[in-house]
Amino acid sequence: MAKKIRLIARLDVKGSNLVKGIQLEGLRKLGDPNHFAREYYEQGIDELLYIDIVASLYNRNNLSDIVRKTVQEVYVPVCVGGGLRSVEDVRAILSAGADKAAINTAAVKRPELISEVAAAFGSQCMVLSIQAKRSGPGRWEAYYDNGRAHSGYDVVEWAKRGVELGAGEILLTSVDNEGLQRGMDLELIRAVSQAVDVPVICGGGVGCAADAVAGAKAGADAIACAAVLHYGKETVSGLKTALRAAGVEVRHESDRH
Amino acid sequence: MKVTVIDYGLSNLFSVQRAFTHLGAEVEVVNQPQQVQEASALVLPGVGAFQDGMDGLAKLGLIQPIRDKAAAGTPLLGICLGMQMLFDESEEFGLHQGLGLIPGRVVRIPSVDTDNAPQRVPHIGWDPLLPAQGRTDFGGSALAGLHPGEECYFIHSYEAKPTRETDRLADTLYGGRRVCAAAACGSVLGVQFHPEKSGPVGLEILRGWLAQCEGRA
C-alpha cells in the first residue's frame with residue numbers, strides 16, 4: 001500500500017528567536033519564528049513543530065506566547081516541546097493552541113508522566129521525543145537536555161516502552177546527523193519505525209529533497225525539516241514534488257486561500 | 001452569526017474559536033446548561049478519551065440540553081471526539097454510552113490494513129474526503145463547497161460506524177479501508193477530522209457550516 005507521509009517544519013526557539021544549531025549546539029539566530037511559521041503554512045506545510053531548546057536547562061517554558069500568536073493565522077496542527085514537565089504544563093500549552101506535546105527530559109526522568117499525559121489528554125497528544133545518539137553498530141542511546149545528557153536507555157527499547165506507557169507518536173531526532181544537512185540516519189529510522197506501531201516523526205539531517213525521500217522510504221511516517229527550509233535551500237512544495245516523483249504520497253497543494 | 005462552543009474541560013478550544021472568528025462569526029465559550037439551551041448554533045469539540053468526554057458533559061448537566069437542542073433542530077457540529085460522542089456508544093476502554101444523536105457505534109481502528117500488513121494507530125495525517133457510497137458529491141451539506149478528494153487533518157485511534165448508510169456523508173481512506181470522516185443526521189453534523197487544523201480546506205467547511213446555520217436561523 002502506497003505510504004503517505006507528513007512534512008513537518010521544525011522550529012527551534014530560544015527566547016523569542018528562531019534558532020538553528022548543528023548537532024543541537026552552536027545556535028544561530030534566524031529571526032521571528034512566527035514569520036517562518038506563516039511562510040511555511042502558505043507553502044503548504046502539513047504540521048509545525050516548535051521546540052524551546054533551552055527550556056529544560058532553565059526549567060521554564062515560554063512558548064505559549066509564540067504558539068498563541070501562530071495559531072491566530074496558521075490553521076495546521078502544532079506540536080510543542082521543550083521544558084514540559086507536568087500535566088499542568090501540557091494543559092497550558094494546549095490551551096495556548098497547541099495540539100500535541102512533545103516530551104523528552106521529563107519523560108526520561110519520570111516515565112509515568114507519559115501515562116499521565118495520555119490519560120489526561122489522550123495518547124494522540126502525547127508525543128515521546130527521543131534524541132538518539134549512535135553508541136555502536138545498530139545501537140543508539142537516548143539523550144536529553146538537547147543531546148547533552150545521556151539517559152542510559154537504548155533508543156529502540158525506550159521507544160517501545162514509551163508506546164506501552166501511552167505515547168501516541170514518537171519524535172525521533174538523530175543527534176549525530178542533526179543540522180549537518182548531509183542526510184538522515186536511515187538505519188535508526190528503520191529500527192524505530194519497525195519496533196513500534198504508532199507513527200514516527202523523523203528528523204535530523206535533511207539537507208535536500210533526496211534526503212527526505214530516503215527517510216520516507218526507510219519507514220518515517222513524517223519528516224521533520226529545519227535548516228533545509230530555514231536557509232531557503234528548498235521550499236515545502238519543492239520537497240513535496242520530489243517526494244511525489246519518488247513515489248511517496250504527500251498532501252496535495254490546495255488552490256484555496 | 002453567533003457560535004456557541006461547549007467547554008467541558010477537554011479541548012484545545014482556542015483554535016476552534018480562532019477559526020470561527022477568522023470567518024467572521026461571534027464565538028462564545030460556555031459550560032452551563034442554560035447557555036446551551038439559548039444557543040443558536042452549537043459546537044462540540046474534543047480530544048481525549050470518550051468516557052472522559054461524556055463524564056465531563058454529564059458533570060456539567062449538559063447531556064440533556066444538547067439532546068434537546070438537537071431534537072429542536074439547532075445546528076450542532078461535533079469535531080473529533082465531539083463527533084464520536086454524537087453516536088450511541090463507543091468501545092473505547094469498555095462500552096460507553098454516547099449522546100445517541102446519530103445511530104451507530106465507535107470502534108477501534110484495526111491494527112492491520114486490507115493487505116493484512118500492520119498499520120499505525122493512531123491514524124495521524126492528511127487524508128482525502130470522499131463522498132460516501134451512494135453519493136457523488138457533498139451537495140446540500142456543509143461540505144458542499146469541497147471537491148471530492150480534498151484533504152483534511154485526522155488524528156484518531158477510534159472510528160465511527162454509522163448504522164444507516166444515509167447518515168454517512170464523507171469517508172476517508174486509511175489502510176485501504178473506508179473510514180467515516182463525516183456523518184450527518186438532521187441538524188447534527190459530526191466530523192472526525194479537525195477542520196480548524198485543516199488549512200484553507202477546513203476553513204471552507206466551517207464557512208459552509210456557518211452558511212447552513214444562517215439558513216436555518
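Analyst: Let's begin with one bridge: B:L130 has B:D171, a residue of β12(B), as its bridge partner. This is a predicted model, in which local features need pLDDT of at least 70 and side-chain atom pairs pLDDT 80 or more, while totals for chains, interfaces and linings use all residues. Residues are numbered from 1 along each chain as its sequence is written, chains are lettered from A and ligands numbered from 1 in written order, and side-chain values use heavy atoms, without hydrogens and water.

Now the strands around that bridge. β9(B) runs antiparallel to β12(B), residues 168-174, and two bridges hold this pairing. (Strands are DSSP runs of E, at least two residues, and helices are runs of H or I, at least four, numbered from the N terminus; two strands pair if DSSP finds at least two bridges between them.) Both strands belong to an open sheet of eight strands in chain B, with mixed pairing and the order β2-β1-β3-β4-β14-β13-β12-β9. At its edges are β2 (26-30) and β9 (130-131), each of which pairs on one side only. Helix α6(B), residues 199-216, packs on this sheet and touches β1 (2-6), β3 (42-44), β4 (76-79) and β14 (188-191) of chain B. The directions of α6(B) and β4(B) make about 160° (angles run from 0 to 180 degrees between N-to-C directions, with axes fitted to C-alpha atoms, for helices over the stretch in contact).

Elsewhere in chain B, helix α1 (residues 13-22) holds B:S15. Is B:S15 buried or exposed? B:S15 counts as buried because its relative accessible area is 2% (buried is under 20%, exposed over 50%, partly exposed in between; 1.4 Å probe, protein chains only). Its side chain makes a polar contact of 3.1 Å with that of B:K197 (N or O atoms within 3.5 Å, one able to donate a hydrogen and the other to accept it; sequence neighbours count only if both atoms are side-chain atoms). Beyond four places in sequence, B:S15 is in contact with B:E196 and B:K197, and also with A:V71 and A:G97 of the other chain (contact means heavy atoms within 4.5 Å).

Those last two names lead us to chain A. There, A:T70 sits in helix α3, residues 63-70, and is buried with a relative accessible area of 0%. A polar contact of 2.8 Å links the side chains of A:T70 and A:Y50. Apart from neighbours within four places, A:T70 touches A:N34, A:A37, A:L48 and A:Y50. Chain A as a whole has 11 helices and 12 strands, and 63% of its 257 residues are buried.
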